Amino acid sequence: MRLRSFLLFTAPTLLLMTALLALPLATTFWLSVHSCAPQFDLVTVQQSGPFGPRELTTQRARLDSRGHPVENCKFVGLSYYANFIGLGGSASGQAADLQQAGAPEVASGTSNRVFLAALSFTLLYIAATTPFVIFFGMTLALCINAMHRRARGFFISASLLPFVITPVVGALCIKWLFRDDGLVAQLLAIGGVHIYWMGQAWSAQLLVILYGIWQVSPFAFIVFYAGLQSVPQDTLEAATLDGASGWQKLRYVVLPHLAPLIVFVSLIHIMDAYRVFEPVLVLTKGAFSTSVQYLTYYVLLQENNPYKASAAAVLTLTGIAILLVPLLRRTWREQRGLA
Amino acid sequence: MKPLGSGRFAALTLYAGTGLWVLLACLPILWALVISLRHYVDAFASPLRWFAPLTLDNYRGLWVEREFYVNFLNSVIVTAGAVSVSLSVGCLAGYAFSRYRGNAGFWLLIVALVFRAIPHSTLLPSFFLIFDTLGIRNSMFTLILVLVAINQPFTIWMLRSFFMNIPNDLDDAALVDGCSRIQAFRKVIIPVMWPGILTTGLFSFLLAYNDFLLSSALTNVEMMTMPVAIGNSINAESERLLMQGVAGAVSISLPLLLLIAFFQRQLVAGLTQGAVKG
Amino acid sequence: MKLRRRVALGILAGMGAAALATRSYRMATRSGSARGVHLVGNVFPAMQHLARIAQAQDNGELHVSFKLTSEFESEVEHAFSSGGESAFDAAAVSMSEFTDLYGRSQIAPMTDLVDKHGARFGLEERMLVRVDGEVMALAFMQNTQNLYYRGDLLERYGLDVPRTYGQMVQVARRLRKEEPDLQYPIAQGYGKGFDVAIDFANVFSSLGGRYFEPGSAEPAFNDAYGVEAIAQMRSLMPYMTPNALASNADDVMNQLQQGRAALGVLWASRAARMDDPLASRVVGRIHFAAAPAVHSGGPSAAHLWWDGFVMPRNAGPGREQTFLVLMAMLSEQAVRSGNDLAIWVRSCYRPGRFGRGVALAEAAGAPEWPGEPFYGLLHNELGRVLPDALSGQRSPEEVLNEAARAFRATAQQKGYLREGSA
C-alpha cells in the first residue's frame, strides 16, 4: 500500500486520537504547572437568617470592575508534585503544632504522601491479581475445553458474566455481599469467621483485589479458550503417539502455544489496573484503598482544583511508564519482527 | 483435546468444579436480584433475612417514577453511536495498518499502544478546560467521540490482526482487476470481516455501555446514561432511591446477559480467528 | 447464521433509530422559542417534592427543569464559576455550599426582587438570608442533629433521656446489661468521610473550641480542645459496633431502624424514616431529643443548618422569571402539601412527631454552622484522618497536626492563605 492511501485510510482515526488524546495530554502537562485562585479580602459582615443575626469575620473574593471575581493565575512549577509526594514546602510546615512549640517539624504523617499511597496500592493490586487471573483463566479454559460440546455454551456464557457486567454494578454487588449483614459476611459468621470487611485497611484492600480477580479472570479465560481452539493438532497427535501423558502435553505443547497470549492478557490487565476506579469509589470511597485514577478524580471533582488534578494525572502517567516501558519494549521487538 | 483423565469421577469433578466457579461468578448479581425484589427493611436487614416478602415496588419506582427509560434510551444512543463510529473509523485504520509496510505504520502502532495505557481521569482536567472553552461539554456528541477516541487504540490493534489474517491475494486480485483501494476494501474485505467486526464491536459496546467515569463527568442530567443514574441513586440520602438503584443495577445487566448468551459463539470464533494470533 | 446475524443487526439498528427519533422529538418539543429556567439541587424526598412543584410551572411559554443529582455540589461550583452564562439559573444549596459560594463572590443579591414581589408571596423575614442587608439566599428548610433514642427501652428501665455524653454512656451501659440482644447500644458514623467530621465539629463546638485564629484562615483547632473532642468521641466507642469505624450516617440509620442500636445522634431530617414500616422495624418506638451536650450546662453538641435557593452572578437573562418559579416552591401551598417531608422554615409549618428537632436544638443552645468559606476544606481533611485517632492507631495530637498541615496547604492553593504566612 502506498503512503498516500495509508494516510487517507488512517486520517479519521489519527484525527480523533490527536484531538482527543494527544492534545488533552499536552494540556494536562501545561495545567499541572500552573495554578489559579481568587483574591480574597478580609471582611466583617452582619448575617441574618432563620436562626437570627450573627456577626462574621470572614474572607470574600474581590471582584473586578465587571463584577467577576479576580483570578490570580501563576506558574507554580513543581509545587503540586511536591505536595503529592509529601515534600511539603517550609510554609506549609509551620503550623502552630500542638505541644511542639519551638521544636522542629516532625515529618510524620504518611497520608500526606497521597500519591505514593495510591501508587503503591495500584502496584500491590497488580502483583496480587495478575497471577491469579492467569491461573484461573487458564484453569477455566482447560476445563471448559474438556467438556462436552453441547454443555460449553452455557458455561462460557455464565463465566463471562463478571467481565461484561458494568463495573459500578459489579462493585456494588460485591459490597452488598460483604457488608456487615451481607450474604457472604453472614455465611462466614456462621462458619465462625467475623470480619468487618469495610472497616479496616487489609480487608478493604483484599476486597478490591478479589473484585479485580473476579472481574478480569473471564477475560483471560476467553482469550486462552480461543487460543486452545487453535492448538496445532498434528503436534498434539505426535505427542500422543509418543506416549505423552495429559500433563506433559499440557506443559510442552499447549502452554508454549499459549505463551504469547499470556503476555497479551498480562499487558492488558496491567494497563487496566491503573484504571481501577469503581471498586475504590464504591467499596470504601477512597478510605482504605485509593487508586491513582480515584485520586485524580477526587482532586478534580471534590476539591475542584483542575491544576492539582493535572499534577496527579502526570504523576500517574509517570507511574505507568515505569512499569510499562519494559513490557512495551518486548512487544516492540515482537512486532518489529512481524512487521 | 481429550479430557484430562477419563471416567465418570473425573467428569463429575470437572463439571462440579466449573459449576462452583460459575456460581461464585454469578453470585453477586444473583444476590442483587434477590434484594432488588425486597423492601429496604428486608433487603438490608440486620441480621440477614433469608426469606422475605417480595415486591416489584423498586422496579416500578425506578422505571416509572424516576423515568429510567430515559436513561436507557440515552445509553442506547451513546452506545450505538460509539460502536458505529468506532468500527467505521477503526476498520479503515486497521486495514491500512495491515497492508502498509512502511515504518510510519509501525511507529504509529506503538504510539497507539501507549495511548491505550492512559487512564481516563488523566484526561479529565484538560477535557473540562477544552470543552468548556468550546462550549461543547454537556453534549452527547462529545461523549460519543471521547469514548470512541479512548477505545481506538484497542480497536485498531484488534482489527489490524484480523485483517492480517486475510491474505493479501484477495485485495491484490481486486486491485489488478482495476478497483481502487477503497473499492477493494469494500467489495472484497468487508464480506469476510464479520467475525472480526462482531468481536471488536462487542468490546466497543462494553466500553461505551458500561462507562461511568467519563459519562458522569461529561453529561447533564437529561443525558445521564444508566450507570450514572444508578450511581446517583445509590449515593442519595434516601433508602427508596437506594432500592431503586438496586433495581437499576439488575436492570442494566439484563441486556448484557442476553448479549453474551447470543453472541458467545461468535465471540470465541472471532477471537480464535483474529486477535489470538497477533 | 447469516440470517441470525442480519436479524440481530436489524434489531439493533431499529432500536437505535427509534431511540434517536424519540429523543429528537422530546428535545424538539421542549425547546423552541420558550425561555428556560434551570435549577439544580441535591436529591432527597423534600427536594423531589419541590422539583415537582417547579416542573408544574412548566407551561407552553416557560420551560422549567430541576436537576436533582448527588453530584450537585460540583455541578453548582462549575456552573457558578464558569466564564460565560451559568448553566443554572438558581440552585438549592445547603449552608456549607452557601458560605463557599458567597466567599467566592459568586452569588447575586436578590434584594430588588424580594422588595418587589415579597409581599405578594408572603415572604417571611426568617426566610431571607441577609448579608450586610442584602438578601443573598432564600431559606426554605432547616436541619440539625438530634439524639434518636428508643423511647420504649428507656421507659422500660426508668432511664432519663441523656443530656450529656457522660449520661449517654451510663444509659448505654445499663441497656447493654438489661438487653442481651443489644450488644452495641450506641450508633455513630465514625468512618472516614463527611459524617465523622460533623460529629467532631459538634463535640468540638460544644466544648467551646475555636477552629481558626480570629480574622484569618490559620488553623487553631489542633489544641487542647481538639484533643478532648477526640477523647469524648472515643468514650462512646466501647458501646458501639466495631464496624463504627467504617460506618456513615446511612449505616447509623440502618442500625437504628433494624433495632440494633438504641441511641444515636443523627440528622433531624431523617426522622420520618423511622416510622415507615417498609424501612424500619421499630415503628413508633423511636423518639427524638436535642443532642446531648458534652458537659453538663454546655450547649447541645449539634449545629443548625438551613437549605436555601441562591442565584448566581453569571446568570443569563430572565432573573425575574426564575424568581417567580422560586416563589412557587417557597409558597405556603408547597409547605402544606409536603408538610412532613422536611422541617420547613415557613411559619405555617406544623411540626409533626418528627418536626420539632430544630426547635429542640435551638432551645438547647446549638450554634449555627460555621460561616467561613474555607471551613469546607478543613472538613474534608478532618474526615480523612480522624478515624485513625478514634481507632487508637495514632495519637490525637499527631492526627490534628496533620489535618492542620494538609489544610494549610489546600487553603494556600485555593487562595485563602497567603504564601509564606506563618
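**View 1. The open sheet of chain C.** Four strands of chain C make an open sheet in the order β8-β9-β7-β10, with mixed pairing; strands here are DSSP E runs of at least two residues, numbered from the N terminus, and two of them pair if DSSP finds at least two bridges between them. At the edges sit β8 (186–187) and β10 (286–290) of chain C, each pairing on one side only. Strands β7 (residues 145–150) and β9 (residues 263–267) of chain C run antiparallel and are joined by 5 bridges. Look for C:Q145, which stands opposite C:W267 in β9(C).

This is a predicted model, where local features need pLDDT of at least 70 and side-chain atom pairs count only at pLDDT 80 or more, while totals for chains, interfaces and linings use all residues. Residues are numbered from 1 along each chain as its sequence is written, with chains lettered from A and ligands numbered from 1 in the order in which they are written.

**View 2. Chain C as a whole.** Chain C has 15 helices and 12 strands; helices are DSSP runs of H or I with at least four residues. Its radius of gyration, taken over C-alpha atoms, is 24 Å, close to the 22 Å from the globule rule for 422 residues, so chain C is as compact as a globular protein of that length. That rule is 2.2 Å times the number of residues to the power 0.38. Along the principal axes, the C-alpha atoms of chain C fill a box of roughly 65 × 65 × 50 Å. Buried residues (20 or more other C-beta atoms within 10 Å of their own, with C-beta atoms placed from the backbone) make up 53% of the 422 residues in chain C.

**View 3. Where chain C touches chain B.** The contact takes 26 residues from chain C and 22 residues from chain B, counting residues whose C-beta atoms, placed from the backbone, lie within 7 Å. On the chain C side, α1 (2–30) and α10 (249–257) are the elements giving two or more residues, and α1(C) gives the most, with 8 residues.

**View 4. A bent helix in chain B.** Helix α6 (residues 120–134) of chain B has 15 residues and should span 21 Å at 1.5 Å a residue, which agrees with its end C-alpha atoms being 20 Å apart; the expected span is 1.5 Å times one less than the number of residues. α6(B) bends by about 35° at B:S126, the bend being the angle between axes fitted to the seven residues ending there and the seven starting there. Among the buried residues of α6(B) are B:L123, B:L124, B:F127 and B:S126 itself. Just after α6(B), B:G135 takes a positive phi of about 75°.

Conventions:
Contact = placed C-beta atoms within 7 Å. Buried ≥ 20, exposed ≤ 12 C-beta atoms within 10 Å, placed from the backbone.
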